[in-house]
Amino acid sequence: MNRKGPFGLWMGMSTNDFALPPEALAQCKFKTSVVPKPHSAFETYVLQIAPTSGLSWVKAVGKNVTTSSYGVELKATFEAMEQKLVSAYGRQKRYDFLMHESIWNEPRDWMQSFLSKERVLMSEWSRETGANLTDSLSSIALVLAVMDTSSGYIAIEYTFENSAIADKEVAALEDDAL
């Protein structure tokens with residue numbers, strides 16, 4: 001098992017591999033603010049850790065960014081992190097669009113369009129995009145999310161190669177509760 005990965009986390013980790021056990025949120029979902037290699041842009045890490053297959057994805061949740069209704073500061077935060085990920089993993093595919101016929105189509109409506117779930121800004125790294133994925137990663141997604149029309153955050157989701165197996169394991173555990 002490879003013990004290198006984003007934030008010092010690796011595919012297959014168990015909750016016992018953490019210096020400080022993560023807080024349980026739901027079936028196989030955990031949260032922590034303590035990782036072996038933290039990054040100053042993120043304050044919380046959400047993890048899926050299945051009993052047998054272990055850690056299968058990590059979502060790093062960024063700090064809140066105060067911005068204008070035009071989203072300038074938040075978009076700049078996204079683009080800066082995107083460039084860091086391009087430097088680390090290579091080519092990505094960016095999705096940056098406003099839903100067809102949205103009324104939030106003026107520049108000053110940028111934040112409102114996100115709040116109304118009518119705009120998307122995300123980048124994806126995968127083998128299909130030509131990314132250089134290492135450390136048992138199968139994909140990476142950088143997303144922008146908003147809290148209200150004047151603040152939001154970025155998040156990165158790292159998915160490991162064991163994700164499909166772990167998802168089946170988690171689904172079986174949940175279905176066993178029925």
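Trainee: What is the volume of the largest pocket?

Mentor: The volume is about 150 Å³, and the model it comes from is predicted.

Trainee: What makes a residue part of the lining, and which residues line the largest pocket?

Mentor: A lining residue has an atom within 4 Å of a pocket point. Those of the largest pocket are Pro6, Phe7, His39, Phe42, Met81, Lys84, Leu85, Ala88, Tyr89, Ile156 and Tyr158.

Trainee: Which elements each supply at least two residues of that lining?

Mentor: Helix 1 (72–89) and strand 9 (151–160) do. Helix 1 gives the most, with five residues.

Trainee: How do the lining residues divide into nonpolar, polar and charged?

Mentor: Nine are nonpolar, one is polar and one is charged. Lys counts as charged, and Lys84 is in the lining.

Trainee: How do you know that the span of helix 1 agrees with its number of residues?

Mentor: Helix 1 has 18 residues, and at 1.5 Å a residue these should span 26 Å. The end C-alpha atoms are 25 Å apart, which agrees.

Trainee: Why are the buried residues of helix 1 said to line one face?

Mentor: Buried means under 20% relative accessible area, and in helix 1 Leu74, Phe78, Met81, Glu82, Leu85 and Tyr89 are buried. Seen down the helix axis, the buried residues fall within an arc of 110°, so they line one face.

Trainee: Which residues are exposed on the other side of helix 1?

Mentor: Val72 and Ser87 are exposed there; the cut-off for exposed is over 50%.

Notes. Residues are numbered from 1 along each chain as its sequence is written. This is a predicted model: local features need pLDDT of at least 70, side-chain atom pairs count only at pLDDT 80 or more; totals for chains, interfaces and linings use all residues. Side-chain values use heavy atoms; hydrogens and water are left out. On a 1 Å grid over the protein atoms alone, a cavity is a set of points where a 1.4 Å probe fits but cannot get out, and a pocket is an open set with protein on both sides within 12 Å along at least five of seven lines; lining residues have an atom within 4 Å of a point. Grid points are joined across faces, edges and corners, and a volume is the space filled by probe spheres set on the points. Helices (H or I, at least four residues) and strands (E, at least two) are DSSP runs, numbered from the N terminus. The expected span of a helix is 1.5 Å times one less than its number of residues. Buried means under 20% relative accessible area, exposed over 50%, partly exposed in between (1.4 Å probe, protein chains only). The arc is that of the directions from the helix axis to the C-beta atoms.
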